[in-house]
Amino acid sequence: MKVSGIFLRVQMKKITQKWLEFAKKDLESARILFKSKAYENAIWHCHQALEKTLKAIIIEQNKRIPKIHDLPKLSKECNITFSKTILEFLEEINPYYNQIRYPDAAIEELRPTKNTAQKYIKTTKEIIKWLKDYLTQLK
């Protein structure tokens, strides 16, 4: 059953909505940075968008948010059966959190190309849509 955005806003906790709004801004930032050819930064914002969406789910499930940035661990906290493809993607994008924030942790092999960043933005958008659809079914 397709649920309208209005129903989603009425039923979801306000704090969950806030986390999703921030995730949306991160995804938009990723698109802007991609257009500026700042591919590494774009991927970092994809990571942030996914992290905030996963944390929104944890909040909606009345659980305490773990103070971590590890996407695979956060996905386990959600108690959702993720596809193998999604879990592999979360593992793949996860190192980019440290890559952009900590110069001494940067790994040369993680320097993304335009195609990599484009793929990450597309996949992030798809996963977030899937997670939001899951959220509408919680109520």
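Reader: Which hand does the crossing of α3 and α5 have?

Author: In this predicted model, α3 and α5 cross in a left-handed sense.

Reader: What makes the contact between α3 and α5?

Author: From α3 come Ile 43, Cys 46, His 47 and Leu 50, which meet Phe 89, Leu 90 and Ile 93 of α5.

Reader: How many nonpolar, polar and charged residues does the contact of α3 with α5 have?

Author: That contact has 6 nonpolar residues, 1 polar and no charged ones.

Reader: Why are α5 and α7 called oblique?

Author: Helix α5 (residues 84–93) packs on helix α7 (residues 114–136) at about 130°, with the axes 11 Å apart. Roughly antiparallel needs an angle over 145 degrees, and roughly perpendicular ends at 115; the pair α5 and α7 is therefore oblique. Their crossing is left-handed.

Reader: Which residues make the contact of α5 with α7?

Author: On α5 they are Ile 86, Phe 89, Glu 92 and Ile 93. On α7 they are Lys 119, Tyr 120, Thr 123, Thr 124, Ile 127 and Trp 130.

Reader: How many residues of each class does the contact of α5 with α7 have?

Author: By class, there are 6 nonpolar, 2 polar and 2 charged residues.

Key:
Residues numbered from 1 in each chain as written. Predicted model: local features only at pLDDT ≥ 70, side-chain atom pairs only at ≥ 80, totals over all residues. Heavy atoms only, no water. Axes fitted to C-alpha atoms, helices over the stretch in contact; angles between N-to-C directions. Helix = DSSP H or I, 4+ residues; strand = E, 2+ residues; numbered from the N terminus. Parallel < 35°, antiparallel > 145°, perpendicular 65-115°, else oblique. Left-handed = near helix turned anticlockwise from the far one by under 90°. Contact = heavy atoms within 4.5 Å. Nonpolar A, V, L, I, M, F, W, Y, C, P; charged D, E, K, R; others polar.
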